[in-house]
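Trainee: Could you walk me through reading this one?
Mentor: Gladly; let's look at it together.

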Amino acid sequence: MTQFNLSRALPGDLSHIKTEQREGVLTITLNRPEKRNAMSVELTFEMVRLLEAVAVDESVRVVVLRGEGPGFCAGMDIKDFFDSSERDEATLRAAKEAANHWRVRLLRNLPQPTIAMVHGFCFGGAFGIVEACDIALAADDTKFTLSEINFGHFPAGPVAKAISRTMSVRAASYYSLSGRTFDGPEAERNSFISRSYPAAELEAETYKLAAELATKDPVALQFTKESLQYVETMSWDAALNYNAAKFAELKVRQQGATSRAASVASFLEGKSRPGLGS
Ligand code: ACO
């Protein structure tokens, strides 16, 4: 097991996040179990520094994001972000911007594929973490709640966009207006997450998928993410043009690497069946 070495890129210790890297899979763990992994000001700043370092680390092929303790994340730290009495205004303003920045830009735009592993609970601002990951796996018994309305608040920051981008309008409205809880299978049905598993299987399924992704071509993975993200708001013609340009770039970026040519040759020689998943 290799510990992720952030010492050069990341001055100062991480105290609210843990990292561990094994065979190209970096696990980032929200590590405030005593506060149910609520996103504090410190966690927010740490996450910005961490993700900036991860984005340029080619040894990281896949990122798994999870929570320590009984649940994934209890959303924004209510004390830090909704009660400014202990924070000076400038710090709070910077932290609010950082809280958006790490979820909406840094996490979403990592070149590596990202998997959210959601167990126990996922509340409020945590929806913005899960949506920013490429793939989200959850335990069947996870409690998902858009609880902002239960505080007399609304799904601010990235959350309204996160749910309207993933869930049907009916589901997003129903759960954000009522503040009711839903579970893993319902989150899969309303497409907030990719797959739900019995709790006992979630970890094994997550790392099985992560290991599988770690074997795939990293540039092709990055371009798959980028294409899905950018073509969403493009016209068909713009999307075709974008992908033609990216295809040319793919060939340049993969020069010297044999994986794509070898995979094509293997198929043409009848040695592989990529359509069946290999
Ligand atoms: N912000 C700050 N502190 C929190 C948060 C939070 N979002 N969630 C939990 N904590 C703290 C509690 O205040 C408590 O701290 P303390 O031990 O110093 O008193 C500690 O975590 C444990 O919480 P409990 O409520 O005692 O634990 P329990 O396991 O019974 O319940 C639960 C956990 C369900 C997460 C409950 O604390 C809760 O409902 N929290 C609010 C979750 C929420 O609605 N988040 C969305 C906020 S809005 C937004 O994100 C935009």
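Mentor: Let's start with the layout: the C-alpha centres of domain 1 and domain 2 lie 28 Å apart. The protein is split into domain 1 (17-214) and domain 2 (218-268), with bounds taken from an automatic or database domain assignment. Keep in mind that this is a predicted model, where local features need pLDDT of at least 70, side-chain atom pairs count only at pLDDT 80 or more, and totals for chains, interfaces and linings use all residues. Residues are numbered from 1 along each chain as its sequence is written, and side-chain values use heavy atoms, with hydrogens and water left out.

Trainee: How many residues does each domain bring to the contact?

Mentor: Contact means heavy atoms within 4.5 Å. Here domain 1 gives 12 residues and domain 2 gives seven residues.

Trainee: What area do the two domains bury between them?

Mentor: Buried area is the accessible area (1.4 Å probe) that two parts lose on being put together, summed over both. For domain 1 and domain 2 that is about 730 Å², with 48% of it on carbon and sulfur atoms. On the domain 1 side, Arg-61, Pro-111 and Arg-165 supply 48% of the area buried against domain 2, more than any other three residues.

Trainee: How many salt bridges are counted between the domains?

Mentor: A salt bridge is a side-chain nitrogen of Lys or Arg within 4 Å of a carboxyl oxygen of Asp or Glu. The count between domain 1 and domain 2 is two. Elsewhere in your reading, look at Lys-225 and Asp-134, whose side chains form a salt bridge at 3.0 Å, N to O.

Trainee: Which residues are closest to the ligand?

Mentor: A residue is near a molecule if one of its heavy atoms lies within 4 Å of it. The ligand is surrounded by 15 residues, and the closest are Lys-35, Ala-74, Met-76, Ile-78 and Ser-147.
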